[in-house]
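Visitor: I have a structure open beside its sequence, and I would like to learn how to read its features one by one. Could you take me through them?

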Amino acid sequence: LTTASGTVFIGQETAEKRETGDHNIALGTQALYGSSTAADNTGGYNVALGYKAGEDITTSADSIFIGRCAGHASTTGNRSIALGCAAMGDCAVTGSGNIALGTQAGMRLTTGNKNVFMGDNTAAATEITGSYNIAFGTGAARCLTGGQRNFIGGYNAGRCITTGDYNILLGVCAGANATLTGDHNISFGNC
């Protein structure tokens, strides 16, 4: 750490590669660890609590990662929140304004922006580039990839949606039994 101010780092190898970036808080082994190129680690105003939380952050700012490996591979995305084990934690997140709450919620998010994923394994199975999606319920939107502006709620609702846009799927397993790539669909009910 060279020129940062207002920082708090507690834990083994916590923020070890950080060079600058003001007002970061990291607690846990390798939390906010940073890139091996120290000059790339300039992000500020981040909070990372937990083993490897926010580990790969470089220029990201104003983000919160709480839980083991939450935001683990996030790099440059700003203003995101990940709460839960491996939430938003598996891919290099460059998208901004995302919220992932629950174990593995939004785990494979990459370039998508302004998504909200709530529930264990919600939007967790494939790399996500889509933006402005809301999915809540365990396993909801599990296979979402490039879909945009979808509203999905319920246990396993929209489980197989991939690239469909502007869909509303509400209820246990609503729209879950077939791969959904279509747009402007509404599905209510259960399996």
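This is a predicted model: local features need pLDDT of at least 70, side-chain atom pairs count only at pLDDT 80 or more; totals for chains, interfaces and linings use all residues.

Visitor: How many salt bridges does a search of the whole structure find?

Guide: A salt bridge is a side-chain nitrogen of Lys or Arg within 4 Å of a carboxyl oxygen of Asp or Glu. The search of the whole structure gives 3 salt bridges. In one of them the side chains of Arg 108 and Asp 90 meet at 2.8 Å, N to O, and this pair links distant parts of the chain, with Arg 108 in the loop between E6 and E7 and Asp 90 in the loop between E5 and E6, 18 residues apart. Helices (H or I, at least four residues) and strands (E, at least two) are DSSP runs, numbered from the N terminus.

Visitor: Which other residue forms a salt bridge with Arg 108?

Guide: Arg 108 also forms a salt bridge with Glu 127, where the closest N and O atoms are 3.5 Å apart; here too distant parts of the chain are linked, as Glu 127 is in the loop between E7 and E8, 19 residues apart from Arg 108.

Visitor: Is Glu 55 buried or exposed?

Guide: Buried means under 20% relative accessible area, exposed over 50%, and partly exposed in between, with a 1.4 Å probe and protein chains only. Glu 55 counts as buried because its relative accessibility is 8%, whereas Arg 108 at 22%, Asp 90 at 42% and Glu 127 at 43% count as partly exposed.

Visitor: What describes a pair of aromatic rings?

Guide: Such a pair is described by the distance of the centres and the angle of the planes. Rings of Phe, Tyr and Trp (its six-membered ring) pair if their centres lie within 6.5 Å, and planes under 30 degrees apart count as stacked, over 60 as edge-to-face and the rest as tilted. By this rule there is 1 aromatic pair, formed by Phe 136 and Phe 151, which is edge-to-face at 5.7 Å centre to centre with 65° between the planes. Phe 136 lies in strand E8 (residues 134-136) and Phe 151 in strand E9 (residues 151-153), so the pair ties together parts that are 15 residues apart in sequence.

Visitor: Which residues make the nonpolar surface patch of about 620 Å²?

Guide: Patches are made of residues with over 30% relative accessible area and no salt bridge, where like charges are joined within 9 Å and nonpolar side chains (Val, Leu, Ile, Met, Phe, Trp, Tyr) within 5 Å. This one is made by Met 118, Ile 134, Phe 136, Phe 151, Ile 168, Ile 186 and Phe 188, and the elements giving two or more residues to it are E8 and strand E11 (186-188). Phe 188, found in strand E11, counts as exposed because its relative accessibility is 61%.

Visitor: How many residues are in the largest nonpolar core?

Guide: A nonpolar core is a set of buried Ala, Val, Leu, Ile, Met, Phe, Trp, Tyr and Cys residues joined through side-chain atoms within 4.5 Å. The largest has 29 residues, and those with the most contacts inside it are Phe 117, Ala 141, Ile 152 and Ile 161. Contact means heavy atoms within 4.5 Å; leaving aside neighbours within four places in sequence, Phe 117 is in contact with residues including Ile 99, Leu 109, Ala 123 and Leu 144.

Visitor: Where is Cys 69 found, and where does Ser 60 lie?

Guide: Cys 69 is in the loop between strand E4 (64-66) and strand E5 (81-83), and its C-alpha atom is separated by 29 Å from that of Cys 173. Ser 60 lies in the loop between strand E3 (47-49) and E4 and is buried, with a relative accessible area of 0%.

Terms used: Residues are numbered from 1 along each chain as its sequence is written. Side-chain values use heavy atoms; hydrogens and water are left out. Accessible areas come from the Shrake-Rupley method with a 1.4 Å probe; for residues, only the protein chains shown count as cover.
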